[in-house]
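This report describes how selected side chains are arranged in one protein model. Please keep the sequence and the structure in view while reading.

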Amino acid sequence: MAALTPISRKPLSMVLPSVALAGAFAGVFVGAGNGSVLLGLLGGAVLIAGLAWVYITQLKNEKLARWINILGFGIVGFLTSGLMGCILGLLGGWFFIFFIYWLYEGRYRRKLLPYMTAQQVFYHFLFRVICGAIFVFLITPILVVLPLSFNAQDFFTFTPEMLRLDPEGYSLKHYRDFFTNNEWQRSFKNSLIIAPIATVISVSLGTLAAIGLSQSHVPGRRAIMGILISPMIVPLIISATGMFFFYSDIGRFLEGTLGLNKNFVGYVKVVLAHAVLGIPFVIITVTATLVGFDRSLTRAAANMGAGPVRTFFSIQMPLILPGVISGGLFAFITSFDEVVVVLFVGSASQKTLPWQMFTGLREQISPTILAVATILVVLSIALLTTVELLRRRSERLRGLSPA
C-alpha cells in the first residue's frame, strides 16, 4: 500500500478564495430565492470568506468554530424561513465549517498519493466537482417533484405551509386521485398490459440476436448490429413516423383480411412498436455478457450429446441470465415511460400512463401528474438498482471482481 500524504496547513491565499467561491455558489441560490442573484453571489462570497478569516486567524479553535458556525446558520435560517430554513441552515453551516478546515488543515491530501503535484490534486478534485455538479443538475428536478406530489393544495409550487413543514400543508389527496380516477387507472392498466408483453418479445428476439451476432462466422456482423440498435440512435420522432406508416399497413391487413378486432389490433401495433424500441437494450446488455463467456462449455455439452436447445437452457442461459434480465428491465422501463411512439401508433383505447400525463399537461393541469411522476421515479430507481445488482453478480460470475 502506498504511503499516505502527510498533511500540513495551507496559506490563507489559497483557502480564502476557495471558500469564497463555494460561498458564491451557494449565494446564487439564496439570492435567486430573494430576487437578486448578484447580491446573493457577492454576499455569499464575502460572508464565507470573512467567517473563514475570523475562525482561522482570530478564534483559532476548530471545535468552537464548528459549533458557532452550525448553530449560527441554523438560527439565521429559522428566523428567516422557519423550520425548513433552520434545517437548511444547519446543513449549510456544517458543510462550510467542514470545507474551511478541510482546506486549511490540508486534509484534502490525506488519502492522496504523496507524489501528486498541486496541479494533479487540483484536476483530481475538479473532476469530482464537475461530476457532482452534473449529478445535482440531473437530480434536482426529481427532488423538486417528490415533495410537491404531497402538496395539500392544487398547486405546482411550494405553499407557505410546506415551507414551514406544517403537517396541514401535506396530503395524499393526489395519490388517492390517481388510484380512484378511472382515466388514470385505465391508462395505468394499459401500461401494465403493454410493457410486460413488449418486454418478453424484446428479451426473446434480442437475446437470440445477441447470441447469433456473437458467433465469429456470421457475415456482416457489424452492419447487422448497427441496424438492430438503430432505434436507440435514430431520433424518436423519425422512428415514430416510420412506425406509423408501417404499422398502419399491418393494421389494415389484420382488420380487413383477417377480421381481427380493431381494439386488439391497436394493442398489437403498440406492443410491437415498443418491442422494437426495447430490442437494442437487450442486444447490448446480452452482448456485453457474452464477452466473457467460455465457449468451450457449449462445445463440451455438444460432445456429451446435448442438443442446441438443451445446451442453451442448461449451460448458456444461466451464465448470461444477468445480462438478459438487465436488458429486460431496460426494455420494460423504455416501454413503460415511452409516449411519442404510442401517440403515433396507438389510439385512445391504448392510452398509456405517459400519454395520460402528456394529455393532462396540455389540456388539464392536474397535480395528480406529480404523484404519478413520483411513482414512476420510484419504480425506475427500483429497477435500475436491480440492474446494478445484477451487473455486479455478472462480474463476480465471470471473475472480473472479487466475490
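## Aromatic pairs

A search of the whole structure finds 21 aromatic pairs. Rings of Phe, Tyr and Trp (its six-membered ring) are paired if their centres lie within 6.5 Å; planes under 30 degrees apart count as stacked, over 60 as edge-to-face and the rest as tilted. One of the pairs joins Phe-98 and Trp-102, which are stacked, with 6.3 Å from centre to centre and 25 degrees between the planes. Phe-98 and Trp-102 are four residues apart in helix 3 (residues 62-104), so about one helical turn separates them. Helices here are DSSP runs (H or I, at least four residues), numbered from the N terminus. Phe-98 is partly exposed, at a relative accessible area of 40%. In these terms, buried means under 20% relative accessible area, exposed over 50%, and partly exposed in between (1.4 Å probe, protein chains only).

Another stacked pair is formed by Phe-281 and Phe-330, at 6.2 Å centre to centre and 20 degrees between the planes. Phe-281 belongs to helix 10 (residues 262-290) and Phe-330 to helix 12 (residues 308-337), so this pair ties together parts that are 49 residues apart in sequence. Phe-281 is partly exposed, with a relative accessible area of 23%, and Phe-330 is also partly exposed, at 27%. Elsewhere, ring pairs link Phe-73, Trp-94, Phe-95, Phe-96, Phe-98, Phe-99, Trp-102, Tyr-108 and Phe-125 into a cluster.

## Basis of the values

This is a predicted model, in which local features need pLDDT of at least 70 and side-chain atom pairs count only at pLDDT 80 or more, while totals for chains, interfaces and linings use all residues. Residues are numbered from 1 along each chain as its sequence is written, and side-chain values use heavy atoms, with hydrogens and water left out.

## Nonpolar cores

In soluble globular proteins, nonpolar side chains tend to be buried together. A nonpolar core is defined here as a set of buried Ala, Val, Leu, Ile, Met, Phe, Trp, Tyr and Cys residues joined through side-chain atoms within 4.5 Å. The largest such core has 21 residues, and Val-19, Ile-100, Tyr-101 and Leu-103 have the most contacts inside it. Helix 1 (12-33), helix 2 (37-59) and helix 3 each supply at least two residues of this core. Helix 3 gives the largest share, 10 residues.

Which residues does Val-19 touch, not counting residues up to four places away in sequence? They are Ile-48, Ala-49, Ala-52, Phe-99, Ile-100 and Leu-103, where contact means heavy atoms within 4.5 Å. A second, separate core of 17 residues includes Phe-178, Phe-332, Met-357 and Leu-390.

## Phe-73 and its surroundings

Phe-73 lies in helix 3. Leaving aside residues up to four places away in sequence, Phe-73 touches Leu-47, Ile-48, Leu-51, Gly-89, Leu-90, Gly-92, Gly-93 and Phe-96. By C-alpha to C-alpha distance, Phe-73 and Ala-306 are 71 Å apart in space, and they are 233 residues apart in sequence.

## Salt bridges

Side chains of opposite charge can pair when their charged atoms come close. A salt bridge is counted when a side-chain nitrogen of Lys or Arg lies within 4 Å of a carboxyl oxygen of Asp or Glu. Across the whole structure, a search finds five salt bridges. One of them joins Arg-9 and Glu-105, whose closest N and O atoms are 3.3 Å apart. Arg-9 is in the segment before helix 1 and Glu-105 is in the loop between helix 3 and helix 4, so the pair ties together parts that are 96 residues apart in sequence. Arg-9 is exposed, at 56% relative accessibility, whereas Glu-105 is buried, at 16%.

Glu-62 and Arg-66 also meet in a salt bridge, at 3.1 Å from N to O. These two residues, Glu-62 and Arg-66, are four residues apart in helix 3, so about one helical turn lies between them. In helix 9 (residues 236-257), Asp-249 and Arg-252 are three residues apart, again separated by about one helical turn. Salt bridges that share partners join Glu-62, Arg-66 and Arg-107 into one network. The side chains of Asp-249 and Arg-252 form a salt bridge of 2.1 Å, N to O.
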